[in-house]
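Thanks for making the time; I would like to walk you through one model this morning, taking surface, helix packing and charge pairs in turn. Please have the sequence and the structure open while I talk.

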Amino acid sequence: MTYVDGFVLAVPQDRMEDYRKLAELAGTVWMDHGALSYVECVADDVPYGELTSFPRAVQAKDGEVVVFSWITYPSREARDAINAKVMADERMTHDHEKAPFDGKRLIYGGFKTFLNF
């Protein structure tokens, strides 16, 4: 079954164009190295929950939007090999201090697919 890396993060609205450019580059690099898909989504109907929610999870501040994204791979082994190639790719070298989001509030993880239609 497909393996998935998932991400949730907060991006300042005034940095969304910078984020889009970074995501376009990242998507190209991941796909070049064998990812099956690379998807970026911006929150549209994501209420701030009383206990839990996407905005709460990333401590979204006023003026920030929640981004939800995922990358799919043929397997966990393929994901590990692809990610190693991505991290070594010269196109991915950039100043993390200038990233268009706060990496400390990024939520990410790898998931095994157990159902897929």
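Predicted model: local features only at pLDDT ≥ 70, side-chain atom pairs only at ≥ 80, totals over all residues.

Which residues of helix 3 are buried? They are Arg79, Ile82, Asn83 and Val86, and because they cover an arc of only 100° around the axis, they lie on the same side of helix 3. As a reminder, an α-helix has 3.6 residues a turn, so residues three or four places apart point the same way. The buried residues of helix 3 pack against strand 1 (3–12), helix 1 (16–32), strand 3 and strand 4 (107–112), whereas the face turned away from the buried side carries the exposed residues Glu77 and Ala88.

Now to the charges, for which a search of the whole structure finds 10 salt bridges. One of them joins arginine 91 to aspartate 32, with the closest N and O atoms 2.8 Å apart; since arginine 91 lies in the loop between helix 3 and strand 4 and aspartate 32 in helix 1, the pair ties together parts that are 59 residues apart in sequence. Arginine 91 is partly exposed, with a relative accessible area of 34%, and aspartate 32, at 48% relative accessibility, counts as partly exposed too.

Arginine 105 forms a salt bridge with glutamate 64, where the closest N and O atoms are again 2.8 Å apart, and this pair links distant parts of the chain, with arginine 105 in the loop between helix 3 and strand 4 and glutamate 64 in strand 3, 41 residues apart. Are these two partners buried or exposed? Arginine 105 is buried, with a relative accessible area of 11%, and glutamate 64 is buried as well, at 17%. The side chain of arginine 105 also meets that of aspartate 102 in a salt bridge, at 3.2 Å from N to O, and aspartate 102 is partly exposed, with a relative accessible area of 29%.

Technical notes:
Residues numbered from 1 in each chain as written. Heavy atoms only, no water. Buried < 20%, exposed > 50% of the residue type's maximum accessible area, 1.4 Å probe, protein only. Helix = DSSP H or I, 4+ residues; strand = E, 2+ residues; numbered from the N terminus. Arc of directions from axis to C-beta. Contact = heavy atoms within 4.5 Å. Salt bridge = Lys/Arg side-chain N within 4 Å of Asp/Glu carboxyl O.
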